[in-house]
Amino acid sequence: RYRIVGPLSKGGMAEVSLALQQGVQGFTRVVALKRVLASHEQDRGFLEMFLDEARLAARIQRGL
């Protein structure tokens, strides 16, 4: 669903990449893709904060 174009930033807990979101009938959108680093995959507290951030970003993008 996403094709990574290149890195944008990397911190101690996650990395952000420039990516293309691809869909049906040639749909393509440029997005920033944030991924948790492997060293934090098992940290439940961090994962909850990460998901909260993603939910908030989705609401902002939709204009809610």
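A pocket is an open set of grid points with protein on both sides within 12 Å along at least five of seven lines, and its lining residues have an atom within 4 Å of a point. Keep that in mind as you work through this predicted model.

**Exercise 1. Find which residues line the largest pocket, and which elements they come from.**

Step 1. Start with the list of lining residues: Tyr-2, Arg-29, Val-31, Ala-32, Leu-33, Lys-34, Phe-50, Glu-53, Ala-54, Ala-57, Ala-58 and Gln-61.

Step 2. Now look for elements that give two or more residues to this lining: they are strand E3 (28-36) and helix H1 (44-62). The largest share, six residues, comes from H1.

Step 3. Sort the lining by class, and you get eight nonpolar, one polar and three charged residues.

Step 4. Finish with the volume: about 420 Å³ of space lies in this pocket.

**Exercise 2. Work out the order of the strands in the sheet, and say which of them stand at the edges.**

Step 1. A reminder before you trace the strands: strands of a sheet pair through backbone hydrogen bonds, either parallel or antiparallel.

Step 2. Here the sheet is open, with three strands in the order E1-E2-E3 and antiparallel pairing. Strand E1 (2-10) and E3 each have a single partner strand, so they stand at the edges and one side of each is left without a neighbour in the sheet. On average, neighbouring strands are turned by 25 degrees against each other, direction ignored.

Step 3. Go through the pairs in turn. E1 and E2 are joined by seven bridges, while nine bridges join E2 to E3. For an example from the second pair, find Ser-17, which stands opposite Leu-33 in E3.

Step 4. Follow the chain through the hairpin of E2 and E3, which has five residues between the strands; Gln-25 takes a positive phi near 55 degrees there.

**Exercise 3. Decide whether Gln-21 is buried or exposed, and describe its surroundings.**

Step 1. Locate the residue first: Gln-21 belongs to strand E2 (residues 14-22).

Step 2. Compare its relative accessible area with the cut-off. Buried means under 20%. Gln-21 has 9%, so this residue is buried.

Step 3. Collect the neighbours. Leaving out residues up to four places away in sequence, Gln-21 touches Arg-1, Tyr-2, Phe-27, Thr-28, Arg-29 and Val-31.

Step 4. Pick out Tyr-2 from that list, because Gln-21 is its bridge partner in E2 and Gln-21 is buried.

Technical notes
Residues numbered from 1 in each chain as written. Predicted model: local features only at pLDDT ≥ 70, side-chain atom pairs only at ≥ 80, totals over all residues. Heavy atoms only, no water. 1 Å grid on protein atoms, 1.4 Å probe; cavity = no way out; pocket = protein on both sides within 12 Å on 5 of 7 lines; lining within 4 Å. Points joined across faces, edges and corners; volume = space filled by probe spheres on them. Helix = DSSP H or I, 4+ residues; strand = E, 2+ residues; numbered from the N terminus. Nonpolar A, V, L, I, M, F, W, Y, C, P; charged D, E, K, R; others polar. Buried < 20%, exposed > 50% of the residue type's maximum accessible area, 1.4 Å probe, protein only. Contact = heavy atoms within 4.5 Å. Pairing = 2+ DSSP bridges. Axes fitted to C-alpha atoms, helices over the stretch in contact; angles between N-to-C directions.
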